[in-house]
Amino acid sequence: MSSPAARNGNHEASRMVEFRVWRGDRSGGAFQTYSVQVTQGMVVLDCIHRIQADQANDLAVRWNCKAGKCGSCSAEINGHPKLMCMTRMDALPADRPVTVEPMRSFPSIRDLVTDVSWNFRMKRRIKPFKPRKPDHADGSWTMMQEDVDRVQEFRKCIECFLCQDVCHVLRDHHKHDEFIGPRFLMYTAALEMHPLDTENRIADLKEENGIGYCNITKCCTKVCPEHIGITDNAIIPMKERVVDEFYDPLTRLFRIFKPR
Amino acid sequence: MSLPDSFIVHEHDVLVIGAGGAGLRAAIEASAAGVKVGVICKSLLGKAHTVMAEGGMAAAMGNVDDRDGWETHFADTMRGGQYLNNPVMAEHHAKEAPDRVRELEAWGAVFDRTKDGRILQRNFGGHRYPRLAHVGDRTGLELIRTLQDHGIHQGMEVFMEMTVVSLLKSGGRVNGALGYDRERGRMHVWKAKAVVLATGGIGKAFRITSNSWEGTGDGHALAYHAGAELMDMEFVQFHPTGMVWPPSVRGLLVTEGVRGEGGVLRNSEGKRFMFDDVPDAYKNQVAKDEEEGWRYVCGDKNANRPPELLTRDHVARCINREIKAGRGSPHGGVFLDIAWIKEKLPNAGAHIQRKLPSMYHQFKQLAGVDITTERMEVGPTTHYVMGGVLVNGDTQESSVPGLFAAGEVAAGLHGANRLGGNSLSDLIVFGKLAGEHAAKYAKANRAVEIDAAEVAAKTAALEEPFARRTGENPYAIQSQLQDSMQDLVGIVRTHDEMERAIGIIEDLKKRAKNVAVSGHREYNPGWHTAIDLGCLLTVSESIARSAIDRKESRGAQFRDDFPKKDDACSTFNMVCRKAADGSMEVSRRPLPPMRAELKAVIEKMK
């Protein structure tokens, strides 16, 4: 078999691009400059890998599928939160260096790798799925496609945490103890809107999970690589449920007579 | 001698290595049995290669076609595997997959629905009826997220971004594992009464692969060096449709679901070449013309499948043949066309985007191709290894007491070729069995002390690359290995080329002993690559040696020097084990006997 490079690579246009990559750890760091030969179709992650293979064997980067499906290679490219594997070089301005730095809302581990364990702790805090009894003897349920469309949209989430990275409540105000962030507001919405679920998470949303901090600036929706309507389809409906349950005068009246 | 304080020591009843579908399912099952469970993920939780599975999980629920049942699924799996499968495993799989799928629904999975509100099932290569429960083309994500979100509430302890480098043994039994964490580079010892390997595949042994960096055959190598046997390693599945352009995404998977939804393969002359070559075993199951093929896609129960939905080994070879004959696409593949269905369907564009959203996204973003209006270019890519740890078909236990294996790292279910969709179901069926029996083993056996001297020796070897000022670049060795396997042990094989590959592997083994890495131990990918190299070299050798000794073409193995299937080779599996002198010993193991009633099922379904 002739090598793929001979068939495809060599005759494609190539150019040298300057990369400014943040290198460092918990104690601090700085941008370092690397020159990378870029050929047609390359994405930012390819360039990082080239640097790693040829110039800096120990450059730390987290990645897995290289296809926008696992959500591991989140970073800030020219200041924008993006997946490195889905950012094509030809979509970036050619006349200046490409800056790559780790997500800034999470503590640094090393180079482009951050400590995202807070997200895993937040998820555990949310009450798990609790289905109603099966509809049929074989343990299955009847659910119509139109009833699961919305939940399926939320379940497309690849947990890249870019929405968490960009959310100013976390990024600028560091409300990590009081606010679970857009990813987990949406995760809660997916459970609450699941046709089979019987749990109630509305009080948790209002209290310990801090949905009130979200002032719907939609930054999360803008950076979502799966194009999920995080704000409009998940967070706003959850805010409405909180309002219905806790602030609606009629409901409050009911609650006086019929405590939960 | 006790372990030095620098080691972090953990203790569990059952240790699961790997946190994809099989590992998480095993951990859930073992936790449910009431034992203490630890799960080690090489990456973050929920990022394992399972997320890449697209098309669906095969289970004969009969929701779309009620003629389906376990017998048909069993017979399809055996036929696809060219009867080298372990029939006991194929039986468990066909019978238990429907319950495992329904269980996912009970844990929160949201599958696509039929018109009457049941789990929808789609067509796939080699499956007689529409059988794959799915969620668009992101079924693997749904599977792993469901198991993850359920699992984290079951009491298991999860270790993220840690890699196991060796299993520990005492008195012939597995009693734990040694590994490191990526973040700080600290050494860990996990004491365990039973260990479940669920480490996935070996794709990174080849240049063009759909696998991520993790697919370095860790579990295969761990088991082999612990004294277990590797079976069927010559059978590496080259998925027929990987992306071929741009170069940086070469090998990335294009789901078989595209063909399941009506996508057709054409060469540069515009011809649907798959009609030209239909294997005898499938002659009476394939559409006679394009019109019948389309009717099948639309759900006509009287129609036969289009030839694009033949088994993966066959489709990959046909594509390879077209490319070699000069009838390929501009970038060295062939054309896969789903856009053509607009001739048949109103709103075809929206239909394609709804059925294949991530394929639409992937091509649009990475190749600048709109699959609703344009053809894709695709070619074969290393995808899956049918071979793996030889296990007991009922318990998933290997020949080493206390060591279990499930999912891609285990052998037996798929024989010489795996059917699409049989992998996700494999994970949940055998993940459960492995978890169940590992828990049982842990309850019946006491913990055995770790041998500190063994740990010390193994750790010292790991640290050597840091001590060398100059030496080999681990990336360069990995790259050379991948090129050699791709060129010499790929889709078309010959004795002489594979012998050359063995020579190269022997040489690379020596060079790998002399790698040097720079920097320190914290999150150092150069060091990790150096460690993974050992596993890659072991599995590569095992693939090449098994392939040399199977002197025939069958399933995923095609030998240019033995292009025909040989009945004399239909009676054994190839098995590799580590000999006393440390060399790799290859032997032929007679197929396990098949019960008469299973034989009758196969006859009935012929």
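# Briefing: a predicted model with chains A and B

Chain B contains an open sheet of four antiparallel strands, in the order β11-β14-β13-β12. The edge strands, which pair on one side only, are β11 (236-243) and β12 (264-266) of chain B. On average, neighbouring strands in this sheet are turned by 45° against each other, with direction ignored. The model is predicted.

**Chain A overall**

- Chain A has 260 residues, of which 44% count as buried.
- Eleven helices and seven strands are found in chain A.
- Along the principal axes, the C-alpha atoms of chain A fill a box of roughly 75 × 45 × 30 Å.
- Among contacts in chain A with a separation of 6 or more, 62% are between residues 24 or more positions apart.

**The two domains of chain A**

- Chain A is assigned two stretches: domain 1 (4-114) and domain 2 (117-257).
- The C-alpha centres of domain 1 and domain 2 of chain A are 32 Å apart.
- Where these domains touch, domain 1 of chain A gives eleven residues and domain 2 of chain A gives twelve residues.
- The side of domain 1 of chain A that touches domain 2 of chain A consists of five nonpolar, four polar and two charged residues.

**A hairpin in chain A**

- Strands β3 (residues 74-77) and β4 (residues 80-83) of chain A run antiparallel and are joined by four bridges.
- Within this pairing, Ser74(A) has Leu83(A) in β4(A) as its bridge partner.
- The hairpin formed by β3(A) and β4(A) has two residues between the strands, and Asn78(A) in the turn has a positive phi of about 50°.
- In general, strands of a sheet pair through backbone hydrogen bonds, either parallel or antiparallel.

**Where chain A meets chain B**

- The contact between the chains involves 50 residues of chain A and 52 residues of chain B.
- On the chain A side, two or more residues each come from α1 (4-9), α2 (44-54), β6 (108-110), α3 (117-125) and α4 (145-154) of chain A.
- Sorted by class, the side of chain A that touches chain B has 22 nonpolar, 16 polar and twelve charged residues.

**The domains of chain B**

- Chain B is divided into domain 1 (9-238 + 383-444), domain 2 (247-380) and domain 3 (452-578).
- Between domain 1 and domain 3 of chain B, the C-alpha centres lie 23 Å apart.
- Their contact takes 44 residues from domain 1 of chain B and 40 residues from domain 3 of chain B.
- On the domain 1 side of this contact, β7 (162-170), β9 (187-197), α5 (218-225), β10 (230-231) and β11 of chain B each supply at least two residues.
- Helix α5(B) gives the largest share of that side, five residues.
- By class, the side of domain 1 of chain B that touches domain 3 of chain B has 22 nonpolar, 13 polar and nine charged residues.

**Strand pairs in chain B**

- Leu336(B) has Met376(B) in β14(B) as its bridge partner.
- Strands β19 (residues 572-578) and β20 (residues 584-590) of chain B also pair in the antiparallel sense, over seven bridges.
- In that pair, Met574(B) stands opposite Arg588(B) of β20(B).
- β19(B) and β20(B) form a hairpin with five residues between them, and Gly582(B) in the turn has a positive phi of about 90°.

**The largest nonpolar core**

- In soluble globular proteins, nonpolar side chains tend to be buried together.
- The largest nonpolar core here has 253 residues, and the members that touch the most others are Val14(B), Val195(B), Val196(B), Leu197(B), Val389(B) and Ala438(B).
- Helix α15 (residues 525-549) of chain B provides the largest share of this core, twelve residues.
- Leaving out residues up to four places away in sequence, Val14(B) touches residues including Ala30(B), Val35(B), Val37(B), Ala192(B) and Ala442(B).

**An exposed cysteine in chain B**

- Cys298(B) is in the loop between α7 (290-297) and α8 (312-324) of chain B.
- Cys298(B) counts as exposed because it has 12 C-beta neighbours inside 10 Å, and the cut-off for exposed is 12 or fewer.
- The C-alpha atoms of Cys298(B) and Gly262(B) are separated by 8.4 Å, although the two residues are 36 residues apart along the chain.

Terms used. Residues are numbered from 1 along each chain as its sequence is written. Chains are lettered from A and ligands numbered from 1 in the order in which they are written. This is a predicted model: local features need pLDDT of at least 70, side-chain atom pairs count only at pLDDT 80 or more; totals for chains, interfaces and linings use all residues. Two strands pair if DSSP finds at least two bridges between them. Axes are lines fitted to C-alpha atoms, for helices over the stretch in contact, and angles run from 0 to 180 degrees between N-to-C directions. Two residues are in contact if their C-beta atoms, placed from the backbone, lie within 7 Å. Ala, Val, Leu, Ile, Met, Phe, Trp, Tyr, Cys and Pro count as nonpolar, Asp, Glu, Lys and Arg as charged, and the others, Gly among them, as polar. A nonpolar core is a set of buried Ala, Val, Leu, Ile, Met, Phe, Trp, Tyr and Cys residues joined through C-beta atoms within 7 Å. A residue is buried if 20 or more other C-beta atoms lie within 10 Å of its own, exposed if 12 or fewer, and partly exposed in between; C-beta atoms are placed from the backbone. Domain bounds come from an automatic or database domain assignment.
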